[in-house]
Amino acid sequence: IPMTTFRQANLQDFNACWAVIDATRWKMLADGRHQWTAEYPSREQITNDIQQGHAYVLADGNDVKAYAVVIANGEPAYAQRSAKWLTEGDYMVVHRVAVAMNERGKGYARQLFQNVEILCREQNIHSIKVDTNHDNREMRGLLQRLGFVECGKIDYGPRGMRLAFERIL
């Protein structure tokens with residue numbers, strides 16, 4: 001893997017981030033998956049992620065290899081009783097993980113999560129929580145390899161049910 005940097009995305013990264021998200025979204029739709037839709041994630045959503053300081057990239061210079069949203073205690077839906085979390089305290093949530101189409105299978109998603117773990121340790125947070133669709137085999141496989149434990153379901157209403165995962169650090 002070339003030398004990549006894990007950093008907060010800035011508005012200059014928007015086009016590169018959007019290209020990664022958009023290609024991933026259309027691939028999911030083409031594969032018959034239901035996690036992302038023609039409307040979600042939107043350009044506005046990604047702009048908002050960046051402006052709020054929640055968007056992170058793995059990049060080689062300006063070349064964005066992977067994108068994710070990383071927020072401390074940032075998912076209100078995780079309070080649902082249908083998820084039996086392993087811990088009650090502070091957590092880091094990871095949303096909207098996407099790897100550039102021409103970079104898939106090179107370990108960038110794993111690298112992204114390893115960097116989130118470093119971020120957690122720096123902030124004295126000992127849990128990472130994620131949710132994904134039942135048909136997202138790649139993400140479910142990655143989470144399993146990284147030692148995440150399935151903890152129930154999260155109901156996002158019109159956006160559907162997601163499987164909940166947590167890893168204690």
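Lysine 106 is partly exposed, with a relative accessible area of 42%; here buried denotes under 20% relative accessible area, exposed over 50%, and partly exposed the range in between (1.4 Å probe, protein chains only). The structure is a predicted model, in which local features need pLDDT of at least 70 and side-chain atom pairs count only at pLDDT 80 or more, whereas totals for chains, interfaces and linings use all residues. Residues are numbered from 1 along each chain as its sequence is written, and side-chain values use heavy atoms, with hydrogens and water left out.

The side chain of lysine 106 meets that of glutamate 103 in a salt bridge of 2.8 Å, N to O, a salt bridge being a side-chain nitrogen of Lys or Arg within 4 Å of a carboxyl oxygen of Asp or Glu. Glutamate 103, in turn, counts as buried at 8% relative accessibility. Both residues belong to a network of salt bridges that also links Asp63 and Lys65. Side chains of opposite charge can pair when their charged atoms come close. Across the whole structure, 11 salt bridges are found.

Two further pairs involve arginine. Arginine 25 and aspartate 22 are joined through their side chains in a salt bridge (2.3 Å, N to O). Because these two residues are three apart in helix H1, about one helical turn separates them. Arginine 25 counts as buried, at 5% relative accessibility. Arginine 33 forms a salt bridge with glutamate 138, with 3.0 Å between the closest N and O atoms. Since arginine 33 lies in the loop between H1 and H2 and glutamate 138 in helix H4 (residues 137-145), this pair ties together parts that are 105 residues apart in sequence. Arginine 33 is buried, with a relative accessible area of 8%, while glutamate 138 is partly exposed at 40%.

The protein has four helices and seven strands, assigned as DSSP runs (helices H or I, at least four residues; strands E, at least two) and numbered from the N terminus. Their order from the N terminus on is β-α-α-β-β-β-α-β-α-β-β.

The interior was described in terms of nonpolar cores, each a set of buried Ala, Val, Leu, Ile, Met, Phe, Trp, Tyr and Cys residues joined through side-chain atoms within 4.5 Å. The largest nonpolar core has 30 residues, and those with the most contacts inside it are Cys17, Ile46, Tyr67 and Ile154. Two or more residues are given to this core by each of helix H1 (14-30), helix H2 (43-51) and strands E2 (55-60), E3 (63-72), E4 (92-99) and E6 (149-155). H1 supplies the largest share of this core, six residues. A second, separate core of 27 residues includes Ala68, Val70, Tyr108 and Phe165. When neighbours within four places in sequence are left aside, cysteine 17 is in contact (heavy atoms within 4.5 Å) with Ala9, Ile46, Ile50, Val57, Val64 and Tyr67.

At the level of the whole protein, 51% of the 169 residues count as buried. Of the contacts with a separation of 6 or more, 67% are accounted for by residues 24 or more positions apart. The C-alpha atoms fill a box of roughly 40 × 35 × 30 Å along the principal axes. The accessible surface comes to about 8,500 Å², of which 50% belongs to carbon and sulfur atoms.

Key:
Accessible areas come from the Shrake-Rupley method with a 1.4 Å probe; for residues, only the protein chains shown count as cover.
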